[in-house]
Amino acid sequence: MVSREWWRSSVIYQVYPRSFADADGDGLGDLAGIRSRLRDLAKLGVDAVWLSPFYTSPQHDAGYDVADYCAVDPRFGTLTDFDELVSEAHRLELKVIVDLVPNHTSSDHKWFQEALASPEGSPERDRYLFRPGKGKHGNQPPNNWESVFGGSAWERVARPDGTLGEWYLHLFDKSQPDLNWRNDWVRTQFIEILKFWLDRKIDGFRVDVAHGLIKKAGLPDYFPPKKPRGMPATPFWGQPEVHEIYRTWRKLIDEYPGEKLFVAEAWVSPMKKLANWVRPDEMQQAFNFAYLGTPLKAGRLKSVINNSIAAFGQVGSPSTWVLSNHDVVRHASRFGMDVDYPQGDGIGPKSPVKPDRELGLKRARAATLLMLGLPGGSYLYQGEELGLPEDIDLPDAARQDPTWARTKHKRYGRDGCRVPLPWTPDGETFGFNNSTESWLPQPSFWADYARSIQEGDPTSTLELYRLALSTRKAKSLGEGQLRWLEGYPRTVLAFQNGAVIVIANFGKKNISLPRGEVLVASGQLTDGLPPNTTVWIRAPK
Ligand code: GLC
């Protein structure tokens, strides 16, 4: 049974609807496909699913460009499909988290179309961040901000009479105009959107770009520090006024029965600042991207784990942990390289360093078993339970992430972690659907990673995840406390969490293991604990 404040210890599985399962065979995953596979997720042993956007959208940023927040894109199904998915999930005791994208809308959204059709200075324009350009003819952008996907963050629009007029801000693609969150009308609209989904019995929201809604007043230019230490303060991320918005939202969800969750996608550092997103009257969780970005070095991991538990603990919140999502290179590939490409760049045929597939998988399994042994909540990204690597050989013509085009092919972007899942070793699309269509082509070697052939094979990554998740639940590791164990080499992490001892060897030599029953191991245990392997051992009474 899920306990009170279930999110304190939950494992939440991210479903990327485009690529999970495709019931209608058009090559793009859909809600009916997800519903048909929920049983597999219940069997995996997760507590909840988080669905990336499935709303009406022109799909210029894979659905993170929303044209109608309260409608399902026909490519993904209907609201009835959504309701059926939620009922089926609840029947299987899985909670459902949906993605809320409040920082920007799609440029197709009616609010933006109305703004374009309205005069400069009108209330409709004030829903977004329209500004006059600089220079004599206003032909320079209002400031020097850059889009996360590359290029300027400003786009100029024509007036209804055809002459060039103001510019609008888009921190992402130009098809994603930023909303003006200092405008009360915008705030009211989002309260209605939250209610719409809460009334459909969802269990929470993942809040996209939760650090970006408020921009510094006056929209000043930004000059990055020459030698940045950590994440520099910018006029567009992490402004203090953003917290007031989340306090209002929290009051609203607290009026609903059950424990509704908000989890912030906030790229903010240091950890102490990030903890502000999860103060008792704001959200409950924030993704721990510092953890995601830490290389597998025992000292670095120990310090990020300590910092996380301390910083979140200060505001009464458990930490969360995550290794992969739809924006980063899959961890089975990240850990197979010595370089660290910047987040969002991706890896492709021309990248100077390519991952070692076997080493990457071995280390990914060790990293996951370490993560699932930590107290707090964890996030999994679809396909990692199969040990899927990044697809680094996608043909250029197939790439769809706006990063690829906006950087004139300098950055590959995120398509490599978004390729549809293999369910069976045969079939044109490995069981993703019953047709030959797949919005991104799957590599042929993915047949070896198919879920069906991993089922029941105790050496498979799928069975490792299942065993780890059931043991984690049985031993209440999510609710536990971490105590470091002394006497191990510096390249080893060893701690006790309740009745379980977790040991991860990231050094070069085998180490001897304490006595005790082995509960789970990420790899073969020969001659103690080999390098790049994690083990869970029953602690002595
Ligand atoms: C978030 C999403 C990412 C998207 C961006 C703009 O970072 O995770 O996929 O491109 O926001 O909405």
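**The domain 1 and domain 2 interface**

Student: How many salt bridges does the rule find across the interface of domain 1 and domain 2?
Tutor: The rule finds 1 salt bridge there, a salt bridge being a side-chain nitrogen of Lys or Arg within 4 Å of a carboxyl oxygen of Asp or Glu. This is a predicted model, where local features need pLDDT of at least 70, side-chain atom pairs count only at pLDDT 80 or more, and totals for chains, interfaces and linings use all residues. Residues are numbered from 1 along each chain as its sequence is written, and side-chain values use heavy atoms, with hydrogens and water left out.

Student: Which side chains meet in a salt bridge?
Tutor: Those of Asp221 and Lys134, at 3.8 Å, N to O.

Student: Where are the domain bounds?
Tutor: Domain 1 covers 6-104 + 184-454, domain 2 covers 110-169 and domain 3 covers 483-538; these bounds come from an automatic or database domain assignment. The C-alpha centres of domain 1 and domain 2 are 30 Å apart. Their contact (heavy atoms within 4.5 Å) takes 23 residues from domain 1 and 17 residues from domain 2.

Student: What area do domain 1 and domain 2 bury between them?
Tutor: About 1500 Å², with 63% of it on carbon and sulfur atoms. Buried area is the accessible area (1.4 Å probe) that two parts lose on being put together, summed over both.

Student: Which three residues supply 39% of the area on the domain 1 side?
Tutor: Trp185, Leu219 and Arg406, which supply more of the area that domain 1 buries against domain 2 than any other three residues.
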